[in-house]
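This report covers pockets and helix packing, in that order. Please read it beside the sequence and the structure.

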Amino acid sequence: LRAHDGRDGGSTRLLADAEEMFGPVTGLPGQVYPRADRAAVLASFAPRVGACAKDGDPVAVRIVREAARHMADSAAAVCPAEGAPVVGCTGGLLGLGEVLLGPLDERLAELLPDARRVPAEGGPLDGAVRLAEDLSAGPIALPSDGRML
């Protein structure tokens, strides 16, 4: 949208991809933000951002690096202070490959120098089933703060 508006920090490549995917961007925020599924709609554009980053688009590279930073910051926030943490990542963004994983590993090394990133043992559904099984057996307790669930 910055490129569409003629503002600094825009990417004509991302603009073209957005128009190819969503149609004319005039009025796009007003069409997307009221939707209940807006997060999914916006997330559907991530592979295009990743492709632009792989091709060296500086705006896309910055966006992907920022996403990697947020991922690493979230992991660091929940890692125990003791021991060598193991960080398992899952989700569709990982499909972006090295353009995301490189900056993710760099940020993890800064925040959690002893951490080791490992492949996830499964997807989100696998994790939900595992939590349900563990809860039914009683060895774990969920956080009392519902916002953490």
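## Terms and source

A pocket is found on a 1 Å grid over the protein atoms alone, as an open set of points where a 1.4 Å probe fits, with protein on both sides within 12 Å along at least five of seven lines, and its lining residues have an atom within 4 Å of a point. The model is predicted, and local features need pLDDT of at least 70, side-chain atom pairs count only at pLDDT 80 or more, while totals for chains, interfaces and linings use all residues. Residues are numbered from 1 along each chain as its sequence is written, and side-chain values use heavy atoms, with hydrogens and water left out.

## Second largest pocket

The second largest pocket holds about 720 Å³ of space. It is lined by 29 residues, of which L1, L42, F45, V49 and I63 are the closest to its centre. Helix 6 contributes the most to this lining, with five residues (helices are DSSP runs of H or I, at least four residues, numbered from the N terminus).

## Packing of helix 6 and helix 7

Helix 6 (residues 58–78) and helix 7 (residues 98–111) pack at about 40°, with axes 8 Å apart.

Notes: Axes are lines fitted to C-alpha atoms, for helices over the stretch in contact, and angles run from 0 to 180 degrees between N-to-C directions. Helices (H or I, at least four residues) and strands (E, at least two) are DSSP runs, numbered from the N terminus. Grid points are joined across faces, edges and corners, and a volume is the space filled by probe spheres set on the points.
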